[in-house]
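Subject: Structure for you to look at

Hello,

Please read them with the model open.

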Amino acid sequence: MGIGAIFIVAFCIALILLGIFIFIRIVARALKGQSSCGDCKNCRVENCPSRRKENSQKD
Amino acid sequence: MGGNIALIGNPNCGKTTLFNALTGSNQYVGNWAGVTVEKKTGRTIKGNFNITDLPGIYSLSPYSLEERITKDYVINENPDAIINIIDGTNIERNLYLTVQLIELGKPMVLVINMMDDVAAKGWSIDCDYLSKLLGMPIVPISARKSENIDEVLKQVEYVITHKIIPPEITYDLKTQNALNEIYSIIVKNISDAEKIPYNFYAAKLLEGDEESAKNLKLEKSQLEAVEKVILKYEKNSEYHDRESMLADARYKFIEEVVRKTVVKNDSEETMTISDKIDAVVTNRFLAIPVFLLIMFLMFSFTFGPVGKFLSDIIEILVNDVIASFISEILEKANAPQWTYRLLLDGVVSGVGGILTFLPQIAILFFCLSILEDSGYMARAAFITDRFLRRLGLSGKSFIPMIMGFGCTTPAVMATRTQENINERRMTIMLVPFMSCGAKLTIYALFAGAFFKANKGLVIFSMYILGFLVAIAVGLLLKKTIFKGNMALFVMELPPYRMPMPKSVLKNTWDKCKGFLVKAGTVIFSMSIVIWLLQNFSPSFHMVDDSSQSIFGIIGAAIAPVFAPLGFGTWQASVSLLSGLVAKEAVVSSLGVLYGAGGDSLSAVISSVFTPLSAYSYMVFCLLYVPCISAFATIKREMGSLKWALASAAMQIGVAYLVSLLIYQAGSLIGRIF
């Protein structure tokens with residue numbers, strides 16, 4: 001296996017790990033009730049965890 | 001110079017637009033009442049003020065939750081100044097709140113918004129004279145056009161620095177005597193309410209507000225004395241009702257002020273353009289057909305040639321440019337075969353397949369933004385409320401349901417405006433039946449593959465079906481679990497306005513950005529997880545035949561359950577499971593499972609499904625449980641896992657029944673003819 005192939009395999013493994021990590025994080029946050037739809041800009045409801053975080057960062 | 005400022009006004013008078021202009025925020029703005037249901041705070045760009053945008057209220061006598069939020073904030077948080085924004089085209093009614101705010105004895109600036117509309121109507125407002133009569137600075141603005149916004153903060157700074165408090169209003173003699181008498185009774189409780197002046201409490205007690213009596217900790221003898229004064233006051237009036245009498249006194253004062261300062265056009269009595277449009281679009285016979293026609297045209301436009309053309313460009317970009325580029329690199333590097341499968345069949349098919357629907361999403365939300373900004377969506381709520389009320393359902397459920405067309409999560413949270421817990425639980429259970437934006441990708445794929453000629457009509461039928469199922473289930477729930485009266489729904493119809501390009505484009509862009517972020521996170525991770533589950537056996541060995549994979553085995557186990565609905569393949573079953581994480585993942589997982597995207601995915605599913613089973617599958621996707629984020633919100637808002645699980649079970653049951661009915665009835669009809 002050449003250096004290019006090794007690099008690609010490493011990249012793909014990193015991609016898989018990243019995908020698994022994001023997936024677990026999304027599911028865990030949703031189950032804990034910390035996740036929102038991610039559509040904060042279009043949202044009319046302020047009292048949601050994501051929006052509160054966004055507002056406090058802005059302040 | 002700094003301080004805390006409360007931004008207060010009637011619903012839909014432009015508070016959030018002014019808030020955004022003052023703070024540089026991008027809070028959601030809509031041309032209908034009730035957009036803001038909770039207070040939000042931001043720092044002004046100029047000056048050093050913390051400004052709090054409060055939900056719109058008509059008076060300080062609160063009836064609903066958002067009105068209580070505003071009243072509590074003003075009384076308990078004690079802001080340094082109040083910006084009272086009023087709609088210049090509706091000045092009498094808006095000044096009613098102003099009069100009550102004056103009673104609070106706080107530094108105050110009156111901002112008259114929509115001055116461009118006032119001028120267009122041929123009216124004029126003598127702001128200098130009005131300022132003298134009310135004893136506070138007045139700033140005429142047009143928040144939408146950002147006209148004269150800087151002056152607002154200058155005047156706020158001025159009233160805080162010089163402690164300019166508007167003088168007490170003198171009402172008619174009878175009212176004034178009653179207020180003075182009450183004032184003398186409650187004056188000794190002064191230490192209990194240092195922040196709020198007594199004329200406010202005197203007026204509240206005269207109205208019969210029990211909460212104020214509690215706040216002042218009045219003794220029994222004081223309460224009796226106050227009651228005596230009110231009874232005397234009632235006797236002397238034609239209304240014989242304490243609340244109406246004080247309202248009448250306030251309106252008399254307002255009428256006098258308006259008579260002296262506002263010059264209205266003589267032709268005011270004739271119908272405005274808004275009235276003329278409403279005569280047609282809210283007509284009792286025409287309203288529903290017009291609403292359906294508008295929705296149908298919107299879907300036809302969304303899935304018409306423009307959307308298709310843009311989708312094709314993205315598809316070419318994904319398949320011919322990006323996929324070829326990756327393939328070339330892998331080939332040159334002599335990379336192992338599984339990396340091809342991961343990157344091309346997994347990531348590119350999954351994420352790329354979803355991206356091809358971006359133009360349709362953009363066009364649909366562009367159209368919805370235009371409808372909302374113009375004021376038509378408020379009419380849609382009004383029309384549907386009329387229809388729902390006849391069926392015994394509350395129109396208050398409608399706003400969250402309309403929001404459900406965008407996303408279920410905020411729609412579920414929007415049910416907080418409903419005070420009745422049973423009504424709220426019922427609405428939460430119905431909202432997921434509305435077709436959210438994410439489900440659009442599923443319809444676009446299947447309708448594009450099977451119903452090319454009537455794509456718009458088929459997708460439109462999904463939206464209508466979701467709404468009809470919600471009504472039917474709502475009626476059933478109301479007759480069984482949630483018996484009782486429904487709350488009255490009062491909604492103000494805003495005037496029609498020309499949609500602002502900036503606001504429409506901003507809303508559309510926000511929606512597209514949200515979609516792209518979702519593609520880069522949820523869909524990306526789902527594609528990889530699905531690829532892994534589809535390519536590895538339960539003993540974690542890579543398999544060539546995906547039916548031997550973890551997903552293949554799980555899918556094969558549950559597939560027979562869906563066979564009576566017309567889609568008993570393991571791939572279809574598994575894609576429904578992935579839809580539990582996000583609805584777009586249904587399409588991306590089909591892409592990964594079949595190793596295709598865009599038109600090639602359409603070609604694959606055309607060979608696996610029939611038009612009838614495809615429709616049945618779309619219906620199941622429309623009605624079954626929402627994504628995990630929405631489910632978590634339902635659990636949180638219902639305050640119990642039991643209710644959330646019951647809601648999910650009900651949705652799966654309904655989805656199964658309706659899909660079964662459609663597929664079996666369709667098959668039967670097909671056999672007969």
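In chain B of this predicted model, 72% of the contacts between residues at least 6 apart in sequence join residues at least 24 apart. The chain has 30 helices and eight strands, and its C-alpha atoms fill a box of roughly 90 × 55 × 50 Å along the principal axes. Of its 673 residues, 50% count as buried.

One part I went through is the pairing around strand β3 (residues 48-53) of chain B. Strand β1 (residues 2-9) of chain B runs parallel to β3(B), with six bridges between them. On the other pairing, strand β2 (residues 40-43) of chain B is antiparallel to β3(B) over four bridges. β2(B) and β3(B) form a hairpin with four residues between the strands, where B:Gly47 has a positive phi near 75°.

The other part is B:Pro166, in the loop between α6 (149-161) and α7 (173-186) of chain B. Leaving aside residues up to four places away in sequence, B:Pro166 touches B:Ile102, B:Met108, B:Leu134, B:Gly135 and B:Met136. B:Pro137 is 29 residues from B:Pro166 in sequence, with 9.2 Å between their C-alpha atoms.

Regards

Methods: Residues numbered from 1 in each chain as written. Chains lettered and ligands numbered in written order. Predicted model: local features only at pLDDT ≥ 70, side-chain atom pairs only at ≥ 80, totals over all residues. Helix = DSSP H or I, 4+ residues; strand = E, 2+ residues; numbered from the N terminus. Contact = placed C-beta atoms within 7 Å. Buried ≥ 20, exposed ≤ 12 C-beta atoms within 10 Å, placed from the backbone. Pairing = 2+ DSSP bridges.
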